[in-house]
Amino acid sequence: MRSTKTSAHLFDLALPTIPDGVSSPMRAFRQVGGNPICAASGNGATLTDVDGNVYTDFLNAFGAQLLGHAHPAVVEAIRQQAARGTVLGLTSPLEHRLAQRIVESTPAIEQIRFVCSGTEAVMTATRIARAHTGRNLLVKFVGSYHGHSDVLLASPTTSGIKTKGVTQGIPENLNREVLLCQYNDQAQLSNLFAEHGDAIAAVIVEPYATNMGFVRPQPGFMAEIRRLCDQFGSLFIFDEVVTGFRFTFGGICNLMDIDPDLVTFGKIIGGGAPIGAYAGKARFMQHVAIGNTVFQSGTFAANPLTMAAANAALDVMAQAGFYEELERKGQLLESSLNKAFNAHNIPFLFTRYGALGGVAFRDSQRAMKSYKDVKTQHYEIYTKVHQLMLDKGFLMAPSLEEPIFLGAAHSDDDLRSFASALGEAASEALAAHRQAFPVLLPF
Ligand SMILES: *Cc1c(COP(=O)(O)O)cnc(C)c1O
């Protein structure tokens with residue numbers, strides 16, 4: 001039986017100095033219950049905790065570690081750069097190289113700037129949109145997450161819509177500058193534009209909703225956002241912090257035939273080091289050039305340590321066949337999981353794109369379309385599944401509203417054994433649930 005004694009002990013010691021013992025809330029496992037674990041190390045597809053338990057990792061640092069932990073090429077790049085200075089307070093060739101590679105990878109963008117987190121990237125992109133349009137309103141989708149800046153956590157307090165990341169401390173006037181729309185709801189979006197179009201600075205959207213578990217855009221939805229933004233002179237911001245470089249070498253906009261005005265990156269592109277980037281057409285990006293109205297800076301922005309790690313990671317991702325191999329792994333997980341779910345008569349639907357997917361914990365073969373659907377899931381089943389999977393040696397995201405993150409380091413065996421373990425765990429959790437609630441509500 002797995003012991004988490006050392007983790008528990010370390011959490012106890014940390015609680016007086018760190019609220020909840022963590023610096024980012026999901027790590028406290030409040031959404032899944034059970035004892036949170038403290039990490040000791042990561043290597044490839046595995047993560048080892050302080051008690052010596054080894055997990056095959058399907059959290060992958062919330063998707064940041066596409067190459068797996070401690071990829072040798074990235075480690076070597078960081079080691080060499082560390083000896084030459086970690087932050088130099090000036091620009092560097094490493095920064096220029098990374099900028100050029102990312103701009104070349106994605107036809108929708110012409111210029112790019114680096115910051116240290118996705119939060120900063122999105123915050124600045126929205127600032128540019130507001131400056132460019134001279135308007136204040138932002139349209140966001142219910143259940144999305146775009147980082148923790150005031151502007152992206154603001155939501156209309158009067159809407160009564162249950163959204164995520166609700167927080168106090170946001171000035172009331174900021175809350176009034178946001179309009180909420182259900183993901184995939186074209187009619188609601190057109191109504192919002194019909195009523196407020198002249199005041200909308202930007203629509204910000206995740207091209208695939210990865211902060212609601214995993215929800216795909218319906219055909220035509222992104223094109224409709226583009227059309228409305230064009231009609232009303234609003235900017236279209238693609239938040240690719242999760243999707244960028246996950247499915248192809250560049251933004252997912254390359255694959256979707258969508259031409260956003262601004263694109264934000266983060267997570268993967270740092271090769272495991274802290275990063276964010278905002279990019280787009282020069283006429284928008286030029287606002288941050290000196291004297292051109294919008295301010296953004298950062299002591300650690302484009303620091304050489306991150307730039308070295310990022311360039312090394314991009315070298316690996318640029319290799320021929322890299323994304324084809326990820327797609328093959330995604331397919332293998334899908335077929336293995338469907339087999340396991342069938343064998344145990346589990347009614348849950350697994351949806352996937354490339355090496356990213358999610359299980360909808362509800363009795364329906366209809367894919368989820370919006371946060372309303374997401375909230376129809378049986379969260380308590382996932383709680384049990386999460387704990388059972390840890391016992392079986394698999395780390396999943398400590399929230400049902402995160403996807404299953406595959407990476408280049410997962411072997412075929414990892415994927416097959418994960419699928420069969422998830423089949424067993426879901427079956428056991430479902431049986432326990434059915435005892436308490438004989439009818440699993442179908443949707
Ligand atoms: C994680 C995330 C962010 C925020 O990035 P941080 O680096 O955590 O600040 C922004 N947008 C999306 C879609 C994300 O998933």
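This is a predicted model: local features need pLDDT of at least 70, side-chain atom pairs count only at pLDDT 80 or more; totals for chains, interfaces and linings use all residues.
Within what distance do the axes of helix 4 and helix 12 come, and at roughly what angle do they cross?

**First stop: helix 4 and helix 12.** Select residues 93-105 for helix 4 and residues 304-317 for helix 12. Their axes come within 9 Å and cross at roughly 40 degrees. Helix 4 is therefore oblique to helix 12. Turn the view to follow the handedness: helix 4 passes helix 12 in a left-handed crossing.

**Second stop: helix 15 and helix 16.** Next, select residues 379-391, which form helix 15, together with residues 412-436, which form helix 16. The axes of this pair come within 9 Å and cross at roughly 135 degrees. Angles over 145 degrees count as roughly antiparallel, so helix 15 and helix 16 are oblique to each other. Their crossing is right-handed.

Now select the ligand and display the residues around it: Ser 117, Gly 118, Thr 119, Tyr 145, His 146, Gly 147, Glu 206, Asn 211, Asp 239, Val 241, Val 242 and Lys 267. This shell divides into three nonpolar, six polar and three charged residues.

Within the shell, select Thr 119, where an N or O atom of the side chain is 2.6 Å from an oxygen atom of the ligand. Proceed to Asn 211, whose side chain has an N or O atom 3.1 Å from an oxygen atom of the ligand. At Asp 239, a side-chain N or O atom is 2.7 Å from a nitrogen atom of the ligand. Finally, display the surface of the ligand: taken alone, the ligand exposes 380 Å², and the protein buries 84% of that.

Technical notes:
Residues are numbered from 1 along each chain as its sequence is written. Side-chain values use heavy atoms; hydrogens and water are left out. A residue is near a molecule or strand if one of its heavy atoms lies within 4 Å of it. A polar contact is a pair of N or O atoms within 3.5 Å; within protein, one must be able to donate a hydrogen and the other to accept it, and residues adjacent in sequence count only if both atoms are side-chain atoms. Accessible areas come from the Shrake-Rupley method with a 1.4 Å probe; for residues, only the protein chains shown count as cover. Ala, Val, Leu, Ile, Met, Phe, Trp, Tyr, Cys and Pro count as nonpolar, Asp, Glu, Lys and Arg as charged, and the others, Gly among them, as polar. Axes are lines fitted to C-alpha atoms, for helices over the stretch in contact, and angles run from 0 to 180 degrees between N-to-C directions. Helices (H or I, at least four residues) and strands (E, at least two) are DSSP runs, numbered from the N terminus. Angles under 35 degrees count as roughly parallel, over 145 as roughly antiparallel, 65 to 115 as roughly perpendicular and the rest as oblique. A crossing is left-handed if the near helix is turned anticlockwise from the far one by less than a right angle, and right-handed if clockwise.
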